[in-house]
Amino acid sequence: MGEEISSFIYAWGFTFVFTMAFFFIYMDFIAPLFDKYTPVPASPLRTAIENLAKSVNFPLTKLYVVDGSKRSSHSNAFFYGFMKNKRIVLFDTLLDDTCNPMIGLDEDGNRKEFPEEDKPDVTDTKKKTKKKGCNQ
């Protein structure tokens, strides 16, 4: 009975150490091999996210955009990190100017006008275009 318990403890310890090591190296070394992570540029969106993180005592250290549109048109975001080293990653499909009011603002906080060709045509129901980002 004692040998079974000790082997379980060793297996659990190995699994715990492996998981923690993988957790720390995955986003810095493995994930960038498959996706391109770029820092979110200075914008009203970045400021709003940083202010929200401060207001809830979230220790945000980095804010990234990942090029997720090459595989999917779904909007997504996630955060990761441990203790005081937390990061937020936004998929580029969330940053579509036509559906994200925080990105579509000018320097004064006024809504930008987008060219007519970028606006979806809601009168033509026969023409099916693949949406990118959020639903309108």
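**Note on the predicted model: fold, salt bridges and surface**

1. The protein chain contains 2 helices and 4 strands, where helices (H or I, at least four residues) and strands (E, at least two) are DSSP runs numbered from the N terminus. Read from the N terminus on, the elements follow the order α-β-α-β-β-β.

2. This is a predicted model, in which local features need pLDDT of at least 70 and side-chain atom pairs count only at pLDDT 80 or more, while totals for chains, interfaces and linings use all residues. Residues are numbered from 1 along each chain as its sequence is written, and side-chain values use heavy atoms, with hydrogens and water left out.

3. Of the 136 residues in the protein chain, 23% count as buried; buried here means under 20% relative accessible area, exposed means over 50%, and partly exposed lies in between, with a 1.4 Å probe and protein chains only. As for contacts (heavy atoms within 4.5 Å), 57% of those between residues at least 6 apart in sequence join residues at least 24 apart.

4. A search of the whole structure gives 2 salt bridges, a salt bridge being a side-chain nitrogen of Lys or Arg within 4 Å of a carboxyl oxygen of Asp or Glu. One of them joins the side chains of Asp28 and Arg87 at 2.8 Å, N to O. Because Asp28 belongs to helix H1 (residues 2–30) and Arg87 to strand S4 (residues 85–91), this pair ties together parts that are 59 residues apart in sequence. Asp28 is partly exposed, at 35% relative accessibility, whereas Arg87 is buried, at 6%.

5. The side chains of Arg46 and Glu50 also meet in a salt bridge, at 3.0 Å, N to O. Both residues lie in helix H2 (residues 44–55), where they are 4 residues apart, about one turn of the helix. Arg46 is partly exposed at 21% relative accessibility, and Glu50 is partly exposed as well, with a relative accessible area of 29%.

6. The protein chain exposes about 10,500 Å², of which carbon and sulfur atoms supply 61%; accessible areas come from the Shrake-Rupley method with a 1.4 Å probe, and for residues only the protein chains shown count as cover.

7. A nonpolar surface patch of about 1,100 Å² includes Phe14, Phe18, Phe22, Phe82 and Met83 among its residues. Patches are made of residues with over 30% relative accessible area and no salt bridge, with like charges joined within 9 Å and nonpolar side chains (Val, Leu, Ile, Met, Phe, Trp, Tyr) within 5 Å. Helix H1 supplies the largest share of the nonpolar patch, 8 residues. Phe22 is found in helix H1 and is partly exposed, at 39% relative accessibility.
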